[in-house]
Amino acid sequence: MTKHSSEHESGSANENHGSDKVEESYGASADFKYDKETFTFVFDYPKDDDRSLKDEKISINLQGFQSKSNITYCSTGLTMWPAAKNLSDHLVKNPDSIRGKRILELGSGLGLCGLVAHHLTNSNAIIHMTDGDTDTLGLLQENIASNQLSRTDSAICSGENDSTGNESNNVLPDSALSCCQLLWSRENSALFLEKRAGGQKFDVILASDIIYAMSVVGPMWETIDTLLTRDGIFLFAFARRQVAVTMVDVLEAGKLAGFVYEECEETDLSSDLFVYIFRKAN
């Protein structure tokens, strides 16, 4: 079950898009001069989770901007896009695929999928939520802070990053939730792996609504190939919009990069919305 509500706020715009140095606040979202919107999502806990017996819900409230705001044309991660809901539904239905895993999210945007994963996993899980846009990272950091479970072993890691996600060798501790910048490429991903992930690849990589042009498809697959373990899974959701790239383009590029795939039941062909699981070919 998903609910959506909206509240409006105002602020002033941050024009520091895509800088190579990211301040600790990742671009203060309070400076935007656009109407903010609250996106509310409610999911049932899986039946094997004790919290479901108490009728508890996964309730996530995300601050963002209206999809038609001018600011979202510059920073697409500042609003909600439809495929994130379908990928979140998949996580709720398949919690064992992420419990206790090392998880990386690409293009986290407002943070729905990564935060759903956070609520579903146990204290042994480790989750890195990333985005390439500094303005988006500001809102993402706020959304993590307001939706994070009260685990004493959780942490929001921030600091001065370069475009590779290198944060002064600050390796994320176990059982933690973090957000940081990651720009896609094989070189940047290798540095991220060394500097941010302690040389340990990820069991699960999540991504939804992150492909808007063919020029980013190759770098995305380079990033996945570099950061995913040999037996890991890449969970990818894609909603077709008025852009010059299709799900077929992504699938063909994935095969060329050495991946096999299967379609998930959360795919909705009537809405041109797709959810796939990718694995490295043997």
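Predicted model: local features only at pLDDT ≥ 70, side-chain atom pairs only at ≥ 80, totals over all residues.
Helix H7 lies across strands S3, S6, S7, S8 and S9, and its direction makes an angle of about 150° with that of S7. Angles here run from 0 to 180 degrees between N-to-C directions, with axes fitted to C-alpha atoms, for helices over the stretch in contact. The helices (H or I, at least four residues) and strands (E, at least two) are DSSP runs, numbered from the N terminus.

Residues are numbered from 1 along each chain as its sequence is written, and side-chain values use heavy atoms, with hydrogens and water left out.

The chain holds eight helices and nine strands. Of its 282 residues, 54% count as buried, where buried means under 20% relative accessible area, exposed over 50%, and partly exposed in between, for a 1.4 Å probe and protein chains only. If we take contacts between residues at least 6 apart in sequence, 71% of them join residues at least 24 apart; contact means heavy atoms within 4.5 Å.

I turn to the sheet. Seven strands form an open sheet in the order S5-S4-S3-S6-S7-S9-S8, and the pairing is mixed. Two strands pair if DSSP finds at least two bridges between them. Which strands stand at the edges? They are S5, residues 177–181, and S8, residues 259–263; each has a single partner strand, so one side of each is left without a neighbour in the sheet. On average, neighbouring strands are turned by 20° against each other, direction ignored.

Within this sheet, S6 (residues 202–208) and S7 run parallel and are joined by six bridges. In this pairing, isoleucine 205 stands opposite phenylalanine 234 of S7. Strand S7 itself, residues 228–239, is mostly covered, with 10 of its 12 residues buried.

Next, the helix pairs. Two packed helices are described by the angle between their axes and the distance between the axes. For H6 and H7, the axes come within 8 Å and cross at roughly 30°. These two helices are therefore roughly parallel to each other; that term applies to angles under 35 degrees, with roughly antiparallel over 145, roughly perpendicular from 65 to 115, and oblique for the rest. Their crossing is right-handed, meaning that the near helix is turned clockwise from the far one by less than a right angle. Arg186, Ser189, Ala190, Phe192 and Leu193 of H6 make this contact with Glu222, Thr223, Asp225, Thr226 and Leu227 of H7. By class, these residues comprise four nonpolar, three polar and three charged. Ala, Val, Leu, Ile, Met, Phe, Trp, Tyr, Cys and Pro count as nonpolar, Asp, Glu, Lys and Arg as charged, and the others, Gly among them, as polar.

The crossing of H7 and H8 is right-handed. Val217, Met220 and Trp221 of H7 meet Val250, Ala253 and Gly254 of H8. This contact has five nonpolar residues, one polar and no charged ones.

Threonine 79 sits in the loop between H2 (71–74) and H3 (83–93), and its relative accessibility of 3% counts as buried. Between threonine 79 and leucine 110 there are 6.8 Å in space, C-alpha to C-alpha, although they are 31 residues apart in sequence.

Aspartate 55, in the loop between H1 (50–53) and S2 (57–65), has a phi near 60°, a positive value in a residue other than glycine. Is aspartate 55 buried or exposed? At 64% relative accessibility, aspartate 55 counts as exposed. Aspartate 272, in the loop between S8 and S9, has a positive phi near 55°, and is partly exposed, with a relative accessible area of 37%.
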